[in-house]
Amino acid sequence: MRTKSPQKNKINVVTLGCSKNVYDSEVLMGQLKANGKNVVHEDENDDGNIVVINTCGFIGKAKEESIDTILHYAQRKEAGEIDKVFVSGCLSERYKPDLEAEIKNVDQYFGTHDLPELLKVLEADYKHELIGERLTTTPKHYAYLKIAEGCDRPCSFCAIPLMRGKHKSTPIENLVIEATKLAENGIKEIMLIAQDLTYYGLDIYKKRALADLLKELVKVDGIEWIRLHYAFPSGFPMDVLDVMREEPKVCNYLDIPLQHINTEILKSMKRGTTHEKTTNLIHKFREYVPNMAIRTTLIVGYPGETEEQFEELKSWVEEMRFERLGAFEYSHEENTGAFVLEDDVPADVKFRRVNEIMEVQSQISWELNQEKVGKTFRCLFDRKDGEYFYGRTEFDSPDVDNDVIVDATKHYIKLGEFIDVKIDEAGDFDLYGTPLVKQEKPVPLHQKRNKQ
């Protein structure tokens, strides 16, 4: 018996996991809208009678969140609050038989490459002509642009190839069309995403073509910032740095997950690099683009990681002084290369090591931020929360990096606009500043009427 009356044939898409999943949900929603369907993303009233859950299956915590979400909506279906539940994405791709056996109150499970089949059960046709048509779920001024699917890298800790398949680049002309449509809809910043940006083009152009892609994307009117996420250290195409240095639209920013620095662990991880090669690469980045912000991520507690190897990693972090850094505990994933190894670093040791790395990084970030006090930066403002506006410099990506914070009780800033901000003070991760150009707050409509 229904306890609620959801809107009939309203499809609520729920997205879990990374930016690549966000992109996939946006493509699904664009296809549904083109078929005349009523579709929303994570509807705050939760009143869709059909739910599609786009799951993540990357590591343990992400899998737990995905399973909890599936169970939540399966129970709502059981209670008669919704009519149908469909599950797609990485978890479904990786564990479909197990999920079908364990959570039976789901209408159907789909993998990462099953978009046409998912659309069919939603009574929609897959429209091949919809290049670049998406319903973006991010703020109106920035969007993700997925330039490739899958991954050919053999990293021992990673299950992505199991869920996403082999690397497949999207042609440059299609990406330019997509970026142009995004710009026409008011998007000013695009973040290029792939499991490995540096592999882009090898399959279709027989060469690393990321620099060629960037040279075409900077020609798109309306796009002012282009940001690079998820590069791989082995075989990095150095011509990308030439474009970054020469083209003002390409942010001086690179997200390059390095995972570790000890050569033995890098070998076991099958990263194709060494301590020396990795260090030399970072020095080359800073030599080519001196004011580049480098974001990286590290894994601690990998099988066999000794205290000595961890101390090597920690000392290296202190030496390299990355502008942005995240650390994560190793997750022992079945069917990966490292699964045959003993997951022998205790959970409390992994936890301690993450905290030690992040304490080091917090101090580095604070010191680098102090150097920005008194300087002026061009910032893009994303949101207002309480009595503050939150923006970013070109050295910061949404959700994962530092914010530039402006007091909303003293200043008005139009969201989605670039504005110069002088930095007054800085904390460990965030900057606090004053806008140099005063923006007028819109007059409410009722006040305009009263004046007339």
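Helix α7 (residues 210-217) has Leu210, Ala211, Leu213, Leu214 and Leu217 buried. Buried means under 20% relative accessible area, exposed means over 50%, and partly exposed lies in between (1.4 Å probe, protein chains only). The arc is that of the directions from the helix axis to the C-beta atoms.

The model is predicted: local features need pLDDT of at least 70, side-chain atom pairs count only at pLDDT 80 or more, and totals for chains, interfaces and linings use all residues. Residues are numbered from 1 along each chain as its sequence is written, and side-chain values use heavy atoms, with hydrogens and water left out. Helices (H or I, at least four residues) and strands (E, at least two) are DSSP runs, numbered from the N terminus.

The buried residues of α7 pack against β6 (142-146), α6 (172-184), β9 (189-193), β10, α8 and β11. Contact here means heavy atoms within 4.5 Å. The helix lies across β6, β9, β10 and β11, and runs at about 165° to β9. Axes are lines fitted to C-alpha atoms, for helices over the stretch in contact; angles run from 0 to 180 degrees between N-to-C directions.

These strands belong to an open sheet of six, in the order β6-β9-β10-β11-β12-β13, with parallel pairing. β6 and β13 (324-329) stand at the edges with a single partner strand each, so one side of each has no neighbour in the sheet. Neighbouring strands are turned by 20° against each other on average, direction ignored. Two strands pair if DSSP finds at least two bridges between them.

β9 and β10 pair in the parallel sense over four bridges. Glu189 has Trp225 as its bridge partner in β10. Strand β10 (residues 225-228) also joins β11, by two bridges, again in parallel. There, Ile226 stands opposite Val250. Six of the six residues of β11 are buried.

**Helix α10**

Helix α10 (residues 275-288) has 14 residues. From first C-alpha to last it reaches 20 Å, close to the 20 Å expected at 1.5 Å a residue. That expected span is 1.5 Å times one less than the number of residues. Its buried residues are Thr278, Thr279, Leu281, Ile282 and Phe285. They fall within an arc of 155° seen down the axis, so they line one face of α10. The face turned away from this buried side carries exposed Glu276, Lys277 and Glu287. The buried residues of α10 pack against α8 (239-246), β11 (250-255), α9 (263-268), β12 (293-300) and α11 (307-320).

**Annotated region and cysteines**

An unreviewed UniProt entry places the feature "domain: Radical SAM core" at residues 137-368. UniProt positions follow the numbering used here, feature names are shortened, and annotations may be inferred rather than shown by experiment. Over residues 137-368 the chain is 39% helix and 16% strand. The end C-alpha atoms are 32 Å apart.

For "binding site", the unreviewed UniProt entry lists Cys151, Cys155 and Cys158. Where does Cys155 sit? Cys155 is in the loop between β7 (148-149) and α5 (160-164). Cys158 lies in the loop between β7 and α5 as well.

| Residue | Relative accessibility | Contacts |
|---|---|---|
| Cys155 | 11% | Phe232, Met269, Lys270 and Arg271 |
| Cys158 | 15% | Phe58 and Thr336 |
| Asp403 | 15% | Arg383, Tyr390, Gly391, Arg392, Phe429, Asp430 and Leu431 |

Cys155 counts as buried. Cys158 counts as buried too.

A closed barrel of five strands runs β14-β15-β16-β18-β17, with mixed pairing. Its neighbouring strands are turned by 55° against each other on average, direction ignored. Strands of a sheet pair through backbone hydrogen bonds, either parallel or antiparallel. Strand β14 (residues 376-385) and strand β17 (residues 418-426) pair in the antiparallel sense over five bridges. Thr376 has Lys422 as its bridge partner in β17.

Is Asp403 buried or exposed? At 15% relative accessibility, Asp403 counts as buried. Asp403 lies in the loop between β15 (388-392) and β16 (404-407).
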